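Please look through the model below before reading on.

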Amino acid sequence: MSQTSPRLLDSAEEALRRGVDGLFAMRRADGVFDFGGTGWTSVLSTVGAISALHAADPVRSASLIAGGVEWLCEMQQPDGGWSTVPGVSAEAGPTAVVCATLHLLAPERATDAVRAGQAWLVRFGGLDALPHREMAAVCSRFYATAGWLDPDALPRLPLELAAFPRLFRQLLDFRAPLVAAAALAQVRTRKQNPIRQLLNRLGTPGALRLIRQIYEHEGMTGEFSDDPWAAGLACGALARAGAAPDLVALTVEWLRAKANPDGSWNMMSLDLTWSSYAVAGLLDAGHSDDPRLITTGAMFLDRQQNRPFEPFGTAAGFWGWSSPRGWPASVETAEVTAALARLPGGRTGEHLANAVGWLRAQQDSRGSWSLCVRNTRVANCGPCPHTTAQAVDALLHAGTPVSDREIRDAVHWLLANQRHDGTFDSVWYRPATSGTSVVLATLARCGHRNHLVARRAVEWLITTQLDDGSWSTGDGTTPGTVEETAWAVCALQAAGGSAEAVERGVVHLLAAQQLDGRWPEAAVSEYIREAARFPNGGLTNGLALRALAAYVNTAGRAGS
């Protein structure tokens, strides 16, 4: 172990104070830590919105569609591609759907933009090079709508499986309603032989029932997870199918109301995601009794859902990404539960008990956790080591003993699912530092810091640290980020890893801190895995505080 530098410790303590002030500056009056701001515009949201309006409301929404086309053209990057959100390198998924949408809606205005985008996609390797097969399928459907592919050449979506709700959601997880809508549309857009007609009749009632269950759970607003991309996909498909006209009409109104003056649409709000990570950092920094968190705690309670989410077969007691009517998410439910358990009074009342009950019920039979649906079979939704570690941490914070069966089953699954190189997967964050760090810290907390699996994870983290003290993806090809550095610092502290590596990571975090006390955000969060990423300021700043607090606490004890 290296000797802790008093100067470094003092600097870390000062950075921690500044970071706390900077993070509280992002808190709204309703308790939400808001990192959306004016830069939360989204290429995918805009594509989803204008393509849906073109299908369902082309005349009345013509000016909104034209505004979206202009904004998309302006957002094209010099290399010809597009990214999910501004400031991120071009990505194949967004580039493909933008090209198809511009060709469909404004072929003359966007000729040059489409040509440059197609050239970017050729250099990338085309849709076949997209690692996310579901996103590649979505892009193919956009190509068919634009006339670039024959609809009959696309793989048929198995509409008949919607007649078996449990199987349908396990096969598709949160994509089930989007696939249901697209499958209904394919009935109109491709040739149907007698057998297919029979299968379509079998599945159509179940597909419509699933979509309508979501529509009704959300208060018949048409918001579809408060996400213009998802709402646009569903609305456009239903419009082409000639189905659920009442739902289509309300979704059109919701999309029209969400348009920005510059022609764009924002990405889905992440009030609970931002806030849960921010609060975790503030709690680690010693602010559990801070009165400024009272309204945030109340906001958590107000947005917990007290009704089951029937489309996904889940009980009440969960949280979504933002809305008190949103879709269930194990990640947010785990993070809010962990924060709530540490806030004053958080362990009293029914809210925490309901959340713990929901997490227990959502655990997969194999011991893991997935995003929305228990025992999902979708590789890009679960099972996920990172999500599983978050769920375990939440249960531990809520008072569940390490000896509990759910904890033991989860730990057993984690120990059995390390990759050959010592890493762990993460579905919703850029691999591999994120999953490896979070799982390592959880294993250490469960008493397994000396297990061979934990030691291999420690070794991987130490060997992949970059020369400037930061961490990135571990492959040495991309610069380090605050998020990945903070994850690694927290994990090495928890697991008793290299003190030298920890201090180098802390030095990097200190150097990266901005004048306002906050840290720069990097696009390490997966909106669509390996196809579309975005930054999350609550995650960035919450993790930085957690890493510095862990260092200060450990170094302070060592020096006393």
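1. A salt bridge here is a side-chain nitrogen of Lys or Arg within 4 Å of a carboxyl oxygen of Asp or Glu. The model is predicted, so local features need pLDDT of at least 70 and side-chain atom pairs count only at pLDDT 80 or more, while totals for chains, interfaces and linings use all residues. Residues are numbered from 1 along each chain as its sequence is written, and side-chain values use heavy atoms, with hydrogens and water left out.

2. Take Arg419 and Asp425. Their side chains meet in a salt bridge, 3.1 Å from N to O. For accessibility, buried means under 20% relative accessible area, exposed over 50%, and partly exposed in between (1.4 Å probe, protein chains only). Asp425 is buried at 15%. Arg419 is partly exposed at 34%. Elsewhere, salt bridges with shared partners join Arg28, Asp30, Asp34, Asp271 and Arg303 into one network.

3. How many salt bridges are there by this rule? The count is 27. The pair Arg60 and Glu253 has its closest N and O atoms 2.4 Å apart. This pair links distant parts of the chain, 193 residues apart. Arg60 is in the loop between α2 (43–56) and α3 (62–74), and Glu253 is in helix α11 (residues 245–258). Helices are DSSP runs of H or I with at least four residues, numbered from the N terminus. Arg60 is partly exposed, at 43% relative accessible area. Glu253 is also partly exposed, at 38%.

4. Asp364 pairs with Arg366 in a salt bridge, with the closest N and O atoms 3.3 Å apart. Arg366 is partly exposed, at 34%.

5. Now the core. A nonpolar core is a set of buried Ala, Val, Leu, Ile, Met, Phe, Trp, Tyr and Cys residues joined through side-chain atoms within 4.5 Å. The largest one has 194 residues. Leu102, Met135 and Trp229 have the most contacts inside it. Helix α22 (residues 537–559) gives the most to this core, with 10 residues. Contact means heavy atoms within 4.5 Å. Leaving aside neighbours within four places in sequence, Met135 touches Leu44, Gly93, Pro94, Val97, Leu130, Trp229, Ile528 and Ala531.

6. Ala185 lies in helix α8 (residues 176–189). Its relative accessibility is 5%, which counts as buried. Beyond neighbours within four places in sequence, Ala185 is in contact with Ala237, Arg240 and Ala241. Its C-alpha atom is separated by 30 Å from that of Ser330, 145 residues apart along the chain.

7. On a 1 Å grid over the protein atoms alone, a cavity is a set of points where a 1.4 Å probe fits but cannot get out; a pocket is an open set with protein on both sides within 12 Å along at least five of seven lines; lining residues have an atom within 4 Å of a point. Grid points are joined across faces, edges and corners, and a volume is the space filled by probe spheres set on the points. The whole structure has one cavity of 30 Å³ or more. The largest cavity has a volume of about 60 Å³. Its lining includes Glu218, Asp226, Met268, Trp321 and Trp327.

8. The second largest pocket holds about 780 Å³. Its lining has 32 residues, with Asp284, Asp393, Ala441, Cys490 and Arg546 nearest the centre. Which helix supplies the largest share of this lining? It is α22, with seven residues.

9. Finally, check the backbone. A cis peptide bond joins Gly382 and Pro383, with omega about 0°. Pro383 is in the loop between α15 (350–362) and α16. A cis peptide bond also joins Pro431 and Ala432, again with omega about 0°. Ala432 sits in the loop between α17 (405–415) and α18.

10. Asp173 is not a glycine, yet has a positive phi of about 55°. Asp173 lies in the loop between α7 (165–172) and α8, and is buried at 0% relative accessibility. Ala244 has a positive phi near 45°. Ala244 is in the loop between α10 (228–241) and α11, and is buried at 12%.

How values were computed: Helix = DSSP H or I, 4+ residues; strand = E, 2+ residues; numbered from the N terminus.
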